Amino acid sequence: MSVATLVVALAFTAAACGGDDDDESAPTLCDDVEALQSSVTDLKNVDVVANGVSALETAVSDVTTNVETVVESASDEFSDEVDALQESVQALGSAITNVVSGGTDAVSNAVTGVETAATNLVDAVESEQCD
C-alpha cells in the first residue's frame, strides 16, 4: 500500500467520522485523524534531495506527534491497533536514523509497516465509531 493510499483511507475515515453525533469521542478522534492525515501528506511531499534528511526527520516528527495524539484519543478502545502503530512509527524513526548503514530499503519497509498499522487502526475506528 502506498502513502497515497493511506492518505485516502485517512481522509475517508475523517469524513465518515464527521457524521456521528451520538459519540462524543468520535469528533475528537476524527479531528486527530485529520491532523495525522495532514502530516502524512506533508511526509509524502518531502523532497529529500532538495531539502535534506533533516526535512524528512521533521516530517516524521510531525507524524509521530499526531500519532501520539491519536493514541491518546483511541488507546482505550483500540489498544492493539494503537500499539502496532506506535511500534511501526518507532521502527520508521530508527530506519531513518540508520539510513546510511541500513539503506533506503529499510526505510521503505518501515513506511509499509506504518501504512499497514495505520490502515488497521483506521479500519477499526471506522467500524466502531464512524458508522
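## Helix 3 against helix 4

Angles under 35 degrees count as roughly parallel, over 145 as roughly antiparallel, 65 to 115 as roughly perpendicular and the rest as oblique. In this predicted model, the axes of helix 3 (residues 48-74) and helix 4 (residues 79-97) cross at roughly 165° and come within 10 Å; the two helices are therefore roughly antiparallel to each other. The axes are lines fitted to C-alpha atoms over the stretch in contact, with angles running from 0 to 180 degrees between N-to-C directions.

Which residues of helix 3 and helix 4 make the contact? With contact meaning heavy atoms within 4.5 Å, helix 3 brings Leu56, Glu57, Val60, Thr64, Val67, Val71 and Ala74, and helix 4 brings Ser79, Val82, Leu85, Gln86, Val89, Leu92 and Ile96. By class, that makes ten nonpolar, three polar and one charged residues. Here Ala, Val, Leu, Ile, Met, Phe, Trp, Tyr, Cys and Pro count as nonpolar, Asp, Glu, Lys and Arg as charged, and the others, Gly among them, as polar.

## The overall fold

The protein chain has five helices and zero strands. Helices (H or I, at least four residues) and strands (E, at least two) are DSSP runs, numbered from the N terminus. Of its 131 residues, 37% count as buried, where buried means under 20% relative accessible area, exposed over 50% and partly exposed in between (1.4 Å probe, protein chains only). Among contacts with a separation of 6 or more, 68% link residues 24 or more positions apart.

## The nonpolar core

A nonpolar core is a set of buried Ala, Val, Leu, Ile, Met, Phe, Trp, Tyr and Cys residues joined through side-chain atoms within 4.5 Å. The largest one here has 28 residues, and Leu29, Val67, Phe78, Leu85, Leu92 and Leu121 have the most contacts inside it. Helix 2 (25-44), helix 3, helix 4 and helix 5 (99-129) each supply at least two residues of this core.

Leaving aside neighbours within four places in sequence, Leu121 is in contact with Val70, Phe78, Glu81, Val82 and Leu85. Phe78 also meets Glu128 of helix 5: these two are 50 residues apart in sequence and 9.6 Å apart in space, C-alpha to C-alpha.

## How to read the values

Residues are numbered from 1 along each chain as its sequence is written, and side-chain values use heavy atoms, with hydrogens and water left out. Local features need pLDDT of at least 70 and side-chain atom pairs count only at pLDDT 80 or more, while totals for chains, interfaces and linings use all residues.
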